[in-house]
Amino acid sequence: MELVVLSSFLAATVRMAAPIALAALGETISEKAGVSNIGVEAIMLSGAYFSFWAMFQSGNVYVAVFAGILGGAGASLIHAFLSLRCKADQTIAGLALNFLFLGLTSFLFLMQFGKTTTLPSITVLKPVALPLLSNIPIIGEALFAQDPFVYVLYLMVILLMVFFYKTEWGVILHAVGEAPRAADTAGIKVHAVRYLACTANGVLGGLGGAYLTLVKLGFFQENLTGGKGYIALVAVILGRRNPLGVLIAALVIGSAEALQIRLQTLGSTIPSQAFSMLPYVVTVLVLMLSMGKGHDPAALGLPYERDKR
Amino acid sequence: MKRTILSFAVMIIVILLVSFLLIAMVGSDIPTSLASFFRGIGGSTYAMAEVLVRATPLMLAALGVSVGFRTGFLNIGAEGQLYLGAISITWLGMTFPSLPAPLMLVLSLVLGFLSGGLWALIPGLLKAKFGLSEVINTIMLNYIAINLVGILVRTSLKDPTYPYPMSPMLPASTNFLHLLSPTRLHAGLLLALVCAALVYLLMFRTTLGFCMRAVGLNARACQCSGIAVSKYVIISSLISGGLSGLAGVSEIAGLHHRLIEGISPSYGYLAIIVSLLGRNNPVGIVFASLGIAALQVGSMSMQRSSGVPTSIASIIMGLVVIMILSRKSLFRCKEA
């Protein structure tokens, strides 16, 4: 009995963590290239809305995922354009993005579905149990009997670990974020790399958003993400911009959420806010403890201007 | 100069076209929708007062944000600081309900300023002393503050006679003066205008303000010429958060008279847009907050009478900021 509870708790943790981890991996790529986008919320919302819309119209899950990716990448590229081409303040640009997409997605949603009384819904993706792996006691069910998005997430973590630390592309990405001028001198096209990194951020953030509508909820509503994009930023910092670290951070945050839901169903008297607050408190504490170690990419948030010293 | 005028003209045209397009997309009639928009912000005394009521917290919080921005302290945490101010006046009213009104007013303002200020001081200190990014820290503290309100209205500040999570009605001594009776206008607006004047004097007429602006313009040059950069960042974060704290006090004392969840529909984030539109200048902020408030109140009226979703306001705000950020580069403006 205890094991069943533990196993379902772990499974819930993974489901809570997956969208956050996907978006956070995207933001990690972007930040490593020196572009800090606090508009992850907008990217996720866009991915969530467009994948829902495509699923509702076509009923084809591949089309829906593709639409979510396009939606996320579109949002991210607006930010990239403002930060790279216009050299705007990246924080303000991210904030503007959040407002724009919060408005846009709920406007489009109400425009299409506002007149119906029933909440439009789509069928959610079913979990696929991996043979053998899902039979591992306790963690097998939780980790390997999930929906395909979760497997994509595992794959992304592994791919990014290799990409960041074992390939020349990883070195180029780091160089652009740490020392853009040196990278430029070495013949690397700084802006091209940054645009690509931003696109990757949009793709992964869009996937994270699509997860919410296609897997978790099956419907869309105004401000569906409700701050998940900001939590993704938390995961990036807690995970020290290391793909595995980011995944673990997202799992920790996810477990706080899963615990909160579990306690609510048990009728606990502790307000649920006490648990939702935890990841933020932990982030501030971790930031304080890791002070002075200088983990941020040196050129994070700074525009690169070729013609200036 | 020509390009500047051209760029603003293009911006206005784009915004009008996009709004017309959005209105047409939901199948509403453009003239009727616009008429209801303007009726919503200027059609009656009540409508005009509603705009002022909404502009009040925006003005206070944006003034705070602008002080931070001028010093290079990117305060995204006005939302949390506002909630801290709201918590402080609720605590004060519940703990000392029998204080005389004048004393209560002074205490609630001082306490609200301090609690908002101290909330902003955390990221301020972390930035000044350890070089930690204030952006992430202020966002984190927003969420902590919002959850804190959620916890408090369910536990120590809860009204035991109600099943809902909210504080009891605060004593009348905490209430701000009502200005124009049938409307909801309250003295918070006067507080905001006084603060605007004070911020102007502080930033442009005192040595402290000069040093703060200098730090914002070029921290390294200040360091080299013997201005203690970290000191001014800390002071600026304190003032910045304090003003947002006052916004929270004003919302409770003027409007809600009790602490509930969600008293701020993103005022703290909107304040950043207001501050940007007002070019971090107190006079500009007064007008920008009126503009953003009018946009929101008008769009609510438009939703009621023509069925255009209020999210149109959010789209337009996002679009305006994006165009402002890209304007100089797209039109090759050479102005400073």
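1. Nonpolar core. In this predicted model, the largest nonpolar core comprises 203 residues. Those with the most contacts inside it are Ala21(A), Ala235(A) and Ala250(A) from chain A, together with Leu58(B) and Ala61(B) from chain B.

2. Surroundings of Ala250(A). Leaving aside residues up to four places away in sequence, Ala250(A) touches Ala17(A), Ile20(A), Ala21(A), Ala24(A) and Ala235(A). Two of these partners, Ala21(A) and Ala235(A), are themselves listed among the residues with the most contacts inside the core.

3. Interface between the chains. On the chain B side, 36 residues are in contact with 40 residues of chain A. The elements of chain B that contribute two or more residues to this side are helix H1 (2–25), helix H5 (101–130), helix H6 (134–152), helix H11 (267–277) and helix H13 (311–331). H13(B) gives the most, with 12 residues. Sorted by class, the side of chain B that touches chain A has 26 nonpolar, 9 polar and 1 charged residues.

4. Helices H2(B) and H3(B). The axes of helix H2 (residues 30–42) of chain B and H3(B) cross at roughly 75° and come within 5 Å. Because of that angle, H2(B) counts as roughly perpendicular to H3(B). From H2(B), the contact is made by Arg39(B), Gly40(B), Ile41(B) and Gly42(B); from H3(B), by Ala47(B), Met48(B) and Val51(B). By class, this contact has 4 nonpolar, 2 polar and 1 charged residues.

5. Thr71(B). This residue sits in the loop between helix H3 (45–70) and helix H4 (78–95) of chain B. Is Thr71(B) buried or exposed? Thr71(B) is buried, because 29 other C-beta atoms lie within 10 Å, and the cut-off for a buried residue is 20 or more. Not counting residues up to four places away in sequence, Thr71(B) touches Met212(B), Val215(B), Gly216(B), Tyr232(B), Val233(B) and Ser236(B). As for Leu141(B), Thr71(B) and Leu141(B) are 70 residues apart in sequence and 20 Å apart in space, C-alpha to C-alpha.

6. Confidence in chain A. The average pLDDT of chain A is 88, and 96% of the residues score at least 70. Within chain A, confidence is highest in helix H9 (residues 190–217), at a mean of 95, and lowest in helix H5 (residues 139–144), at 77.

Note on methods: Residues are numbered from 1 along each chain as its sequence is written. Chains are lettered from A and ligands numbered from 1 in the order in which they are written. This is a predicted model: local features need pLDDT of at least 70, side-chain atom pairs count only at pLDDT 80 or more; totals for chains, interfaces and linings use all residues. Two residues are in contact if their C-beta atoms, placed from the backbone, lie within 7 Å. Helices (H or I, at least four residues) and strands (E, at least two) are DSSP runs, numbered from the N terminus. Ala, Val, Leu, Ile, Met, Phe, Trp, Tyr, Cys and Pro count as nonpolar, Asp, Glu, Lys and Arg as charged, and the others, Gly among them, as polar. pLDDT is the predictor's confidence in each residue, from 0 to 100. A nonpolar core is a set of buried Ala, Val, Leu, Ile, Met, Phe, Trp, Tyr and Cys residues joined through C-beta atoms within 7 Å. A residue is buried if 20 or more other C-beta atoms lie within 10 Å of its own, exposed if 12 or fewer, and partly exposed in between; C-beta atoms are placed from the backbone. Axes are lines fitted to C-alpha atoms, for helices over the stretch in contact, and angles run from 0 to 180 degrees between N-to-C directions. Angles under 35 degrees count as roughly parallel, over 145 as roughly antiparallel, 65 to 115 as roughly perpendicular and the rest as oblique.
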